[in-house]
Structure formats: structure tokens, C-alpha cells
Amino acid sequence: MVLKGYKGLRPKVDFYTFNDGTRKELLCLEGTIPIQFKGNTYNIPIHAWLMDTHPDNAPLCFVVPTPDMLIKPSVNVDGNGRIYLPYLQDWRHPSSDLTGLVQVLGAVFSEKSPLYAKSVGSNPAYSPGLSKRVAPTSLAVPLPSYMDTSSSPSTEVLQLQSELRSLKDKLRIMEVRDSSSSSYYETKFKDKKSPDEPSSEVCKLCMARRRTTVFLCGHSACKECAESLINCLKCKQRITKKIVLKDY
């Protein structure tokens, strides 16, 4: 589902190096996601590593700048490009999935871009030390398979076919359970909603602004996050109309 909605992403199988030095072969979604920032469209390069326990556990996500970009650290992205979001911290399958994650990333990065262009003549000491399409070594992200000259074309084709089959199987499991996602979110929302709790009005995407925009499906978000959404993150329905509440 996420590959159909975001053509800039593609699956691969490669080795991920953990902080303790151990390496494990994992499925990774790499590529770019589009964002709207200050009236312009940009493509943000990311890596999303799926653990063996996926979809029960959240993936490890990184912003991977190109050689002419630098990381802009914030509350959501550290200096190494590691992404931190409430959506990842509160990950719970089946209500949390890869499509919802990419939509949240697009909404958050549209509000505050995680990258900025490297100025001409900038000090190389402040560069993340990237070569083309390769993440910093501190990210523990391996060399992309398409740059590995040791792989023969036939091996690459077999790996890609295996990757796609594995990803489709996982996505199929998630789609089967999508029908229960809406009821889960609605029940969770109703349980927490209380007139005495001002936090019930907070947007569940950015966790900062009040929800001021309602969709036809009945769910809502703040105006800034709603502008970047294509499908509702709660019930998965396509958003055909966004209604801004005038009381706000």
C-alpha cells in the first residue's frame, strides 16, 4: 500500500549495524517523500528499517541528506538524522502502519524541514561526510546495494524479487487488519475525551496545535497538518474535503 501511494520509495534488503556493532539483514524502505515547504515542493530522502518484529514494533527511521544538503537538528531529528516522532513512540499495530508513518513525516517536515542546502564554500568539517546516496557512518546505515559492485545482475534481480515478496506479505497482513484500525482509534479517542482535559483538543500528529480542521469521515487535525494529508490516518479513508472550524 505504501509503495503504491509513494512512488519515490522502494524496498531493499541490506545489513543494518546496531550501536553495539552487531549487524543484521533487514528490510529497508529507501527513497524520497514529497513535502510542501514555504510554497515549494521538496523531496526528503529517508531510510526506514523494518525490524524482525515488524509490524508489531516501529521501524528505525533516518533522514539521509544528499551531498549538497546538511541536517537541521530539531526536536524530531537529531544531528545524525535519526527521526523521533510521537507516532513512532506510540506505535501500535494495526492502527499504526507504514502509510500513516509516511503521511506523518510529510506533515511534520512540511512544518519544519529537516534539511537545508549547503552554502558554497562551507567548511567541510561541518559536513556529514556523505558520498553519493550514502548515509553517515554514525547512522549505521550500510552502503546501498546498487553501489555494491560485487553483486551480479542476476543476484540483484533475485534479491529484489525476494524483497518485494516479503514486503507484499507484510503489507497484506496489515491491510487485512486495517478494518479494525478505525474502531480502535475511535474507541481510544472516546475514552480519553473529557471536557476537563484540554489535551483532548490537541492535534494527534504534531502534538502541539489545536485541531481546527474536520474531514468528512469525522476525524480531525490542526490546519497545518491537515494540509499535507491525503488519507485520514485514523480510518484510512481518502480525504475529499477539509472543513476549517470557524470557532477557532
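This briefing covers the sheet, the nonpolar cores and the confidence of one protein model. The model is predicted, so local features are described only at pLDDT of at least 70 and side-chain atom pairs count only at pLDDT 80 or more, while totals for chains, interfaces and linings use all residues. Residues are numbered from 1 along each chain as its sequence is written, and side-chain values use heavy atoms, with hydrogens and water left out.

**Sheet and packing helix**

- Four strands make up an open antiparallel sheet in the order β1-β2-β3-β4, where strands (E, at least two residues) and helices (H or I, at least four) are DSSP runs numbered from the N terminus, and two strands pair if DSSP finds at least two bridges between them.
- The edge strands, each pairing on one side only, are β1 (9–17) and β4 (60–63), and from one strand to the next the twist averages 30 degrees.
- Strands β1 and β2 run antiparallel and are joined by nine bridges, with F15 having E25 in β2 as its bridge partner; their hairpin has five residues between the strands, and G21 takes a positive phi near 95 degrees there.
- Four bridges join β3 (residues 40–50) to β4, and W49 has L60 in β4 as its bridge partner.
- Helix α3 (residues 98–111) packs on the sheet and touches β1, β2 (23–37), β3 and β4, its direction making about 45 degrees with that of β2; axes are lines fitted to C-alpha atoms, for helices over the stretch in contact, and angles run from 0 to 180 degrees between N-to-C directions.

**Nonpolar cores**

- A nonpolar core is a set of buried Ala, Val, Leu, Ile, Met, Phe, Trp, Tyr and Cys residues joined through side-chain atoms within 4.5 Å, buried meaning under 20% relative accessible area with a 1.4 Å probe and protein chains only.
- The largest nonpolar core has 42 residues, of which I33, I44, I83, L101, L105 and F109 touch the most other members, and α3 gives the most to this core, with eight residues.
- Beyond its neighbours within four places in sequence, F109 is in contact (heavy atoms within 4.5 Å) with I33, I35, F37, I44, V63, V77, I83 and P114.
- A second, separate core of eight residues includes L26, W49, L60 and F62.

**Confidence**

- The mean pLDDT, the predictor's confidence in each residue from 0 to 100, is 75 for the protein, and 67% of the residues reach 70 or more.
- Confidence is highest in β4, at 95, and lowest in helix α5 (residues 181–192), at a mean of 47.
- Over residues 122–153 pLDDT stays under 50, and the model has 53 contacts beyond four places in sequence for them.

Key. Buried < 20%, exposed > 50% of the residue type's maximum accessible area, 1.4 Å probe, protein only.
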